[in-house]
Amino acid sequence: MTATTELGIIIALGIAAQWIGAAFRIPAILLLLGLGLVAGPGIGLLDPDALFGNLLLPVVSLSVAIILFEGGLSLRFRELRQIGRPLVLLVTVGMLVTWGLAAFAARWLLDFDWDRALLIGAILVVTGPTVIAPLLRHVRLRGNAAALLRWEGIVIDPIGALFAVLVFEVVRHGPDETAGMVLWAVAKTIIAGGGLGWLLGTLLITAFERFRLPDALQVPATFAAVIGSFVAANTIQDEAGLLAVTVLGIVMANQKRVPIHHLVEFKENLAILLISVLFIVLSARLPRAAIAEVDGWAVLFLLAILTIRLVAVGISTLGSKLTWPERLFVGCLAPRGIVAAAVASVFALHLSAHDAEGVDRLSPIVFWTIIGTVSVYGLTARPLANWLGLAATNPQGTVFVGAQAWARAIATALKDQGKPVVVIDSNWSNIVAARWEGLPAVFGSVLSESSLDEIDLGDMRRMLALTANDELNSLACLRLTEFFGRQNVFQLPFTSNRDGKHEAVPARQRGRFLLDSSHTYSAMTHWAGPQPVAKVTALSVDFDFAAFREMHGDRALPILTIRESGDVEPILSDSADPKPGQKVISLMQAETTPPAETARRGVEQN
């Protein structure tokens with residue numbers, strides 16, 4: 001088999017696992033590990049060591065750097081108000097507790113000597129965004145637990161990797177010779193890693209702000225900065241590169257001077273591809289002999305690691321603002337990932353060169369722990385989050401951009417059906433009216449970070465942009481695509497309705513159109529009138545959609561349907577045909593009354 005064919009198989013298996021996981025709501029990480037084990041040690045289809053040769057570990061290291069940078073782009077300082085204290089304790093006290101107890105377990109359960117036990121304990125302190133991020137997307141957590149896990153998974157990687165390197169040096173040279181070296185290594189990591197990350201982040205932001213880089217070069221330049229900072233920091237101090245790329249991502253994520261949505265979108269796509277490939281490659285290279293190392297004692301060691309996590313989180317979150325369900329969930333989610341695998345592989349190579357005793361067991365135990373923790377946490381995370389009430393099991397909330405009268409009528413009807421809604425508008429009178437009617441309402445622009453911070457997006461599935469400004473509607477769809485995906489952002493048709501190459505805004509830069517092209521903002525507002533009413537109609541076999549149309553004619557404009565499963569779906573054209581068992585939310589046009597009849601009623605009322 002050629003190298004090109006083998007690379008193609010790896011990429012195809014990775015994307016297939018991601019697609020199957022999304023389609024059937026299965027954690028993709030489990031599928032990636034399973035496919036890698038089958039294709040590698042199972043049937044011998046893949047041989048990553050032969051394919052990549054000496055480039056394997058550098059490729060893995062650079063990929064981890066990109067993934068950590070992408071993770072850093074998702075971290076916001078505002079989240080630290082609620083999780084700052086437990087985060088600091090988790091990556092310091094919690095890390096030391098995990099190290100000590102894991103080393104003790106390795107010593108007595110696996111019969112490692114103390115040097116190897118301390119080393120494997122240091123390797124296993126890291127969790128990692130390569131596993132945490134996909135699981136959090138799968139679970140859709142509410143509250144502070146998601147932010148804490150996301151921050152911990154990214155911050156612990158550079159800290160844990162440096163800690164593992166320091167323990168490794170102590171094991172190799174002894175504590176007497178390395179006492180001063182440890183302090184110097186920590187200082188170099190902070191200066192080189194943190195300094196380079198901050199410096200390159202600041203330079204990139206300045207270059208973007210002053211238009212020193214053409215738009216077409218902004219993503220490639222950022223990519224080069226990530227790789228450059230990683231390599232430069234690692235040259236100064238081993239594993240300082242992980243801190244550099246993390247700081248670089250955090251600096252760019254928390255500045256307000258230039259937009260970075262295009263960077264986020266590119267890095268997210270690249271990170272998904274890299275995670276898919278890395279898990280296939282690293283699981284495929286596990287030798288069959290390593291699988292034979294998994295015996296009853298290895299299973300007990302895995303159980304010990306799972307228990308140690310609960311102890312470390314319990315100690316680190318004492319006195320925090322986290323609720324007990326949040327603390328329990330954080331304690332039950334710490335899968336090991338790429339960084340642990342890469343560090344274990346590097347250490348195994350170094351120890352092998354010195355004929356160290358027990359080195360042949362180091363990588364297999366680490367890989368077994370990775371596979372075991374990913375499998376256990378991957379299978380239990382969603383059920384546990386549901387049981388603890390932390391997950392939006394099937395979020396069907398709707399964000400309404402625009403709080404004019406007829407938009408409020410639709411939102412109220414949807415809210416009355418038990419569906420979460422929130423309206424956002426920069427018109428204060430509309431917000432006052434929405435709050436008076438009992439709707440959750442946010443005053444501000446949907447394009448503002450501070451406005452979005454006020455919305456709990458965990459319960460939301462889609463957005464309807466219903467303002468009078470077509471361009472604002474399109475920008476709102478672009479802005480929230482990163483949260484909901486393009487399939488779940490909708491807007492009103494353009495007032496200036498042009499198709500093809502003369503279209504006002506290209507399809508790739510806007511949301512999906514609601515209803516047909518005639519239902520623009522002005523048409524909807526004129527049709528609904530000054531006192532719009534929204535009605536919910538339950539369809540049945542005896543009263544189907546055809547009967548509904550016959551009864552109401554053109555006085556009813558169906559906007560949304562609610563399926564029997566509870567899923568809400570916007571109506572995209574007049575040809576929609578809701579089925580019996582579904583509910584239809586429609587705007588109802590007020591009946592017109594002849595002037596003579598109006599006068600007669602006025603006389604009667606007087």
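The model is predicted. Met 1 is exposed, Thr 222 is buried, and strand 10 is mostly covered.

- Met 1 comes in the segment before helix 1, which spans 3–24.
- The relative accessibility of Met 1 is 59%, so Met 1 counts as exposed, since exposed means over 50% relative accessible area.

**Strand 10 and its partners**
- Strand 10 runs over residues 583–588, and five of its six residues are buried.
- Strand 7, residues 533–538, pairs with strand 10 in the antiparallel sense, over six bridges.
- Within that topic, Val 536 has Ile 585 of strand 10 as its bridge partner.
- Strand 8, residues 556–562, also pairs with strand 10 in the antiparallel sense, over six bridges.
- Thr 561 has Val 584 of strand 10 as its bridge partner.
- In a regular strand, side chains alternate between the two faces of the sheet.

**Thr 222 in helix 10**
- Thr 222 is placed in helix 10, which covers residues 215–236.
- Thr 222 has a relative accessibility of 0% and therefore counts as buried, because buried means under 20% relative accessible area.
- Apart from neighbours within four places in sequence, Thr 222 is in contact with Phe 69, Leu 204, Phe 208, Met 252, Leu 263 and Lys 267.

Terms used. Residues are numbered from 1 along each chain as its sequence is written. This is a predicted model: local features need pLDDT of at least 70, side-chain atom pairs count only at pLDDT 80 or more; totals for chains, interfaces and linings use all residues. Side-chain values use heavy atoms; hydrogens and water are left out. Helices (H or I, at least four residues) and strands (E, at least two) are DSSP runs, numbered from the N terminus. Buried means under 20% relative accessible area, exposed over 50%, partly exposed in between (1.4 Å probe, protein chains only). Two strands pair if DSSP finds at least two bridges between them. Contact means heavy atoms within 4.5 Å.
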